[in-house]
Amino acid sequence: MNRQNADPEAARLAALHRCGIFQTPAEQDFDFLTRLAAEICQVPYAFVTFVDQDYVWAKAWHGVEKIAPAARCDDYCDFVIRSGQPLVVHDLCSDPRTASMPPTLDGFRRYAGVPLLTADQQAIGTLCVLDKRAGSPNDHQLELLQSLARQVMALVELRQHKRELEANVHLLERLATTDELTGLMNRRRLMERLSEECARARRFKEPMALVLLDLDHFKQVNDQWGHATGDIVLANTGRLIRETLRETDSAGRYGGEELCLLLPHTELDGAATVADTLCGRLATRSHRTAGAPEYVTASLGVAASSHLEQCHPATLLAQADAALYRAKDNGRNCVVVAQEALA
Ligand SMILES: Nc1nc2c(ncn2[C@@H]2O[C@H](COP(=O)(O)OP(=O)(O)OP(=O)(O)O)[C@@H](O)[C@H]2O)c(=O)[nH]1
């Protein structure tokens, strides 16, 4: 016996959860199907409900303004869920199962509900109609109600596929724009973002800064500890950058062990402070646990558009690169701003 058979309610709840429909906002397509159900059965009220462990919750309704979730024990739909079969009660008052239930005491007399079945036959909800007059749907009406229930489930599945598709598109977008090793933007996305940020800075005449960061003596790290260890150091560096930057800043992998930070709305001084902080944190970030050299420092070059005629990607990159070159020349593990580089 498998686990599902051991606990049918757990399997039913899992099926409901997979559909991702419970307590989602109202949708016209579902409203339309309830209206159709009411018209087919010639009654004033119809509902699409989904039923979790404790509550019967309406996704769509017809004939009432609004409907609050009901405890399962107070709702006729619970019988449909438990049996997985349609339920028709001609007169709710004279049926011992329903006579003293709250909706009956509120005046409802007729109920007809059919289960909403998933592909693996789990009853996750109902399509039901009600009236304050006693009566029953005829065979044809009941058959049509069941067909409509299948349409409700087709909508549920369509919604589910759409959600999965959107999640996959999102994942693919992330994979296509992210550098796997550092978790930062890949070079293509970085260059796109740089162009966008420069265009925005020019348009709104705002400052914009760029920092190039290059790990020091990284060839030695690879040579002495192995390429895999070098990768771990790069990944740690990416993580540290992500932890250090503001939400509005971004960073990407510009080249092998050269990373680039984009700091919109930031003057040269502010960017130099960010670079100093990062330089200090990197110099004290231990990699030893990964079987790597204890510390790997970095050199950083800073440029900002407020010191340039105009904010353009190539100019900012060239300025930051020249500053980085000076930082390497100055003995590494330091920050040089473009001002100094030009001096
Ligand atoms: N492990 C690893 N190494 C990389 C990666 N990308 C580039 N590298 C290595 O980074 C090293 C860069 O070496 P160099 O350009 O000589 O610079 P450096 O040794 O860091 O020296 P300085 O920059 O002058 O301090 C090379 O050995 C590249 O193979 C990567 O993704 N993973």
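Mentor: In this predicted model, the residues of the shell around the ligand divide into four nonpolar, six polar and seven charged. That shell consists of 17 residues, and the closest to the ligand are Asp216, Phe218, Lys219, Gly230 and Gly256. If you ask which elements give two or more residues to the shell, they are strand S7, which covers 208-215, together with H8 and H9.

It is worth looking at how those two helices are placed. Helix H8 runs over residues 218-225 and helix H9 over residues 227-244, and they pack with their axes 6 Å apart at an angle of about 135°. The two helices are therefore described as oblique to each other, because an angle has to be over 145 degrees to count as roughly antiparallel. Where they meet, H8 brings Phe218, Val221, Asn222 and Trp225, while H9 brings His227, Thr229, Gly230 and Val233.

For a separate spot, turn to Ser286, which sits in the loop between helix H10 (268-283) and strand S10 (298-304). Ser286 counts as exposed because it has 12 C-beta neighbours inside 10 Å. Apart from neighbours within four places in sequence, Ser286 is in contact with Glu294 and Tyr295, and its C-alpha atom is separated by 8.1 Å from that of Val296, 10 residues apart along the chain.

Technical notes. Residues numbered from 1 in each chain as written. Predicted model: local features only at pLDDT ≥ 70, side-chain atom pairs only at ≥ 80, totals over all residues. Helix = DSSP H or I, 4+ residues; strand = E, 2+ residues; numbered from the N terminus. Buried ≥ 20, exposed ≤ 12 C-beta atoms within 10 Å, placed from the backbone. Contact = placed C-beta atoms within 7 Å. Axes fitted to C-alpha atoms, helices over the stretch in contact; angles between N-to-C directions. Parallel < 35°, antiparallel > 145°, perpendicular 65-115°, else oblique. Near = placed C-beta within 6 Å. Nonpolar A, V, L, I, M, F, W, Y, C, P; charged D, E, K, R; others polar.
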